[in-house]
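Dear colleague,

Here is the structure for you to look over. My notes on it follow below.

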Amino acid sequence: NISKVIYSAYLLGAAFLSVALWAWSEKGVLSNISSITDLGGFDPVWLFLVVGGVMFVLGFAGCIGALRENAFLLKFFSVFLGIIFFLELTAGVLAFVFKDWIKDQLKFFINNNIRAYRDDIDLQNLIDFTQDYWECCGAFGPEDWNLNIYFNCTDTNLSREKCGVPFSCCTKDPAEDVINTQCGYDIRAKDDNEQKMFIHTKGCVPQFEKWLQENLTVVAGIFIGIALLQIFGICLAQNLLRTSLIKELHPS
């Protein structure tokens, strides 16, 4: 059964890698590798690439190691999984201890991606999804969109989106079936009270903190479940490795 789980992880990792390579192919990255560093913000494809790569390597080592009772692959699987578990544990402790630093880094990350909002369609969709899902706008408020060259309120900005925000910042009207992509135009030129009638004025960082507190039990349960699976995988690999060594020392 565990071999089936590892094999499924291997196939899922391969699927993630395929999606990542397809996305980069569509954006022309594979034909121009140097363009990987051109994007000022975060490319969501990296998430598929890293997660898919880790799952593919772990799945391959675990599946082949278990089926062939290969000592090297079982050791690699066990150590690699142990390193990932240790890094997750360390990240969790550091995030709890250095909350303010994490909040500052999250603000920096969001603002950096706000600057690159129009540079990449995948990044744009990610920001729009985040703002729509958490009903937020910017890192700490709509004014963060001043960082983007298309949305800032400077006199040199000739864009139609000047002093506006993306449509994902707008409050939804249940009566509208079609999304109004121009709902955020000129909205930041209005006073604060009027802005609240049309857009979400809370930032994504405080909204994420609020969501985390409200769903702390679920999030903790997911992380504990993942940790238990990793520990189980390490123990299983060590057990298979021990069995393999016994067979080598005492062949029947």
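F98 sits in the loop that joins α3 and α4. This is a predicted model, and every value here is computed from it. The relative accessibility of F98 is 44%, so the residue counts as partly exposed; the exposed class begins over 50% and the buried class lies under 20%.

F98 belongs to a nonpolar patch on the surface, together with L89, V93, L94, F96, V97, W101 and I102. The accessible area of these residues together is about 820 Å². Two elements, α3 (71–97) and α4 (99–115), each give two or more residues to the patch. The largest share is that of α3, with five residues.

The other item is inside the protein. A search of the whole structure for cavities of 30 Å³ or more gave one. The volume of the largest cavity is about 50 Å³. Ten residues line it, and those closest to its centre are I6, F77, L236, A237 and L240. Helices α1 (2–26), α2 (45–68), α3 and α8 (216–249) each supply two or more residues to this lining. The most come from α8, which gives four. By type, the lining has eight nonpolar residues and two polar ones, with no charged residue.

Regards

Notes. Residues numbered from 1 in each chain as written. Predicted model: local features only at pLDDT ≥ 70, side-chain atom pairs only at ≥ 80, totals over all residues. Heavy atoms only, no water. Patch = residues over 30% accessible without salt bridge, like charges linked within 9 Å, V, L, I, M, F, W, Y side chains within 5 Å. Areas by Shrake-Rupley, 256 points an atom, 1.4 Å probe, with all protein chains shown as cover. Salt bridge = Lys/Arg side-chain N within 4 Å of Asp/Glu carboxyl O. Buried < 20%, exposed > 50% of the residue type's maximum accessible area, 1.4 Å probe, protein only. 1 Å grid on protein atoms, 1.4 Å probe; cavity = no way out; pocket = protein on both sides within 12 Å on 5 of 7 lines; lining within 4 Å. Points joined across faces, edges and corners; volume = space filled by probe spheres on them. Nonpolar A, V, L, I, M, F, W, Y, C, P; charged D, E, K, R; others polar.
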